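The structure is shown first, followed by the points grouped by topic.

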Amino acid sequence: MGMTLAEKILAAHSGRDAVKPGEFVWCNIDATSGGGLRGLERLGVERVWDSQRIYVTDDHLAPPTSISVANDMVETRRLVEKYGITHFYEYGRHGIQHQVFPEHGYVVPGDLIAMADSHSTTGGAFNAAVTCATGESLYIMTTGRLWFMVPESIKVELAGTLPPWCVGKDVVLKIAGTHGTEAGLYKSLEFSGPGVKQLSIGSRMTIANMGVELGAKFAIFPCDETTLSFLQGRTEREPRPVAPDPDAAYAEVIEVNLTGLEPQIACPHDPGNVHSVAEVVRQHVRIHQAFLGSCTNGRLEDLVMAAKILKGRKVHPKVRMIASPASMEQWRAADKLGVLQVLADADVMVAHPTCGPCYGGHLGIIGAGEVCISSTNRNFQGRMGSPESFVYLANPATVAAGAVAGEIVDPRELYNFEKDEMTWPTKN
Amino acid sequence: MADEELIREGRVWLLGDNVSTDLMMPGEVMRLGGEGYRQCFRANRPGWVDQVREGDLIVGGRNFGCGSSRPAHLNLLRNGICGIVAESLGRVFFRNAINGSLAVLTCPGVSKAFDEGDTARVNFSTGVVQNLTKGISLQGIAFPADSPPMEILRIGGLMRLIEKELAKKSGE
């Protein structure tokens, strides 16, 4: 019997010829993020497993929002030096880890990575098995290993042609809406089909990112030209592309037809409560805040998509919009192309990279009775602030269109995506 | 030690489907870790923190603990919860709970077998879940005794495992 992507990667990292779903394996890990450096010191660990393969940045409360966060960072910098960690991204060179780490050669095809933060599945965009191990990075930093239960795999077959007004966000929301947020629970999602090559690396990152919103352990894309061209110049490490065997066994095959896809919106309070934009528009949902950013949709192409809506317009007088590029590389690229200027001219508050608004940490917490339309990944009750607030998840164009109109509208009313007369280069 | 079964008995709270870690540990208090435990379930069950008692159990619905990887299990432990049985568990929450020595078990059908306030007896080693109030018994999906999650639960959490491995290394 052949193996799926996840099975091949787990077998290769556990020194076996083959593995089967349900088996427990101890694997060698290719990289981790350095949450819990203080734990290492408390345990009396003198040397970390591999100082080159532990990446560290602060993204959740960046830059420090309180004295206690600032003191944590004082400790982090001291320990980064003590353990000789080479990949530390100081504020100004930083970003949300799922963006800034891949930009600096963290992940190549064939890798098995376990790291802090649930959205670690993002790394699956690079033909690698990347998953969350928040409490376990301490174990990995000490031993270079971690245990896994070999997951069943689900093949997600992307067919048809993605319309110009849709991006990866709409694809993953469509899957969540159709198959539910448990569809991939404990499983590995494996993307395939002719739709894949139409997806930019950014769209693949968005889909893999929200793989965790489908419950998944891994969300893995195949390796192609798009993957390799992103990696060009970012790493010396050799890619080890992995493809599933033709006779690999899948627990399920999910087919997604991209043709005719409409912009999708997840309504409160669940990422699986998904409707097409037309259905939501009919409800005349007034909004108070629009947020564009996060590891889900904070890349150059997302900022460009929003700028097409916002150019020559103003954010509605009763709305505030915040934009936060996902990394300084994305920030600088958007600035160079004049995209940030377009946003600022539209009265968007352009901020720095941070996870803050997405999880109600800082920089745009919303209050009781408020509604936010957001390019982020979760709309659980209380996610962005007050338990009595409401979050709608959408693609960057729908977020920007909502900010202009003051209520949720169809972005196609504000920009003709088929003609697409406003062009910016979006390759990053 | 390996032969000792992991059993918890206590009063049950029914929490429903898709209970996110955001509900257990809101973003605002996330970095406080277990110190923010009074905010647990403030959005979905206001006042719960005043009613829950040491040794209570949670019976969850589907996808219990979905979402963020924040250490939300700390807020359940700080409120006295000693074990969780659910229709299904968010993967990240599941691993965090095991690593933090909070016993968890997947048991399809469990949310229909209990009313809030019933007494449950849960054997996390064998997977047998009993509703002592109603006299019902169900079979959950326990992990093999020699699997890493059971080993970590038995030893008292991931930190104990790291200490054990470090001691082994320095003994070599």
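The lining of the largest cavity is made up of 7 nonpolar, 7 polar and 3 charged residues. The model is a predicted one. A search across all chains gives 16 aromatic pairs.

**Cavities**
- There are 4 cavities of 30 Å³ or more.
- The largest cavity has a volume of about 140 Å³. Its lining has 17 residues, of which A:V212, A:G215, B:N63, B:C66 and B:G67 are the closest to the centre.
- Domain 1 (5-257) and domain 2 (264-413) of chain A each supply at least three residues to the lining of the largest cavity.

**Aromatic pairs and cluster**
- Over all chains, the count of aromatic pairs is 16. One of the pairs, A:W26 with A:Y139, is tilted, at 5.8 Å centre to centre and 40 degrees between the planes.
- A:W26 belongs to strand β1 (residues 24-28) of chain A and A:Y139 to helix α5 (residues 137-143) of chain A, so this pair ties together parts 113 residues apart in sequence.
- A:W26 is partly exposed, at 28% relative accessible area, whereas A:Y139 is buried, at 1% relative accessibility.
- A:F148 and A:F218 also form a tilted pair, with 6.3 Å centre to centre and 40 degrees between the planes.
- Because A:F148 lies in strand β7 (residues 145-149) and A:F218 in strand β10 (residues 218-220), both of chain A, the pair ties together parts 70 residues apart in sequence. Both A:F148 and A:F218 are buried.
- One aromatic cluster consists of A:F24, A:W147, B:F94 and B:F143.

**Charges over rings**
- The charged end of B:R95 sits over the ring of A:F148, 5.6 Å from the ring centre.
- A:R234 has its charged end over the ring of A:F230, 4.3 Å from the ring centre.

Definitions and conventions:
Residues are numbered from 1 along each chain as its sequence is written. Chains are lettered from A and ligands numbered from 1 in the order in which they are written. This is a predicted model: local features need pLDDT of at least 70, side-chain atom pairs count only at pLDDT 80 or more; totals for chains, interfaces and linings use all residues. Side-chain values use heavy atoms; hydrogens and water are left out. On a 1 Å grid over the protein atoms alone, a cavity is a set of points where a 1.4 Å probe fits but cannot get out, and a pocket is an open set with protein on both sides within 12 Å along at least five of seven lines; lining residues have an atom within 4 Å of a point. Grid points are joined across faces, edges and corners, and a volume is the space filled by probe spheres set on the points. Ala, Val, Leu, Ile, Met, Phe, Trp, Tyr, Cys and Pro count as nonpolar, Asp, Glu, Lys and Arg as charged, and the others, Gly among them, as polar. Domain bounds come from an automatic or database domain assignment. Rings of Phe, Tyr and Trp (its six-membered ring) pair if their centres lie within 6.5 Å; planes under 30 degrees apart count as stacked, over 60 as edge-to-face and the rest as tilted. Helices (H or I, at least four residues) and strands (E, at least two) are DSSP runs, numbered from the N terminus. Buried means under 20% relative accessible area, exposed over 50%, partly exposed in between (1.4 Å probe, protein chains only). A charge sits over a ring if NZ of Lys or CZ of Arg is within 6 Å of the ring centre and within 35 degrees of the ring normal.
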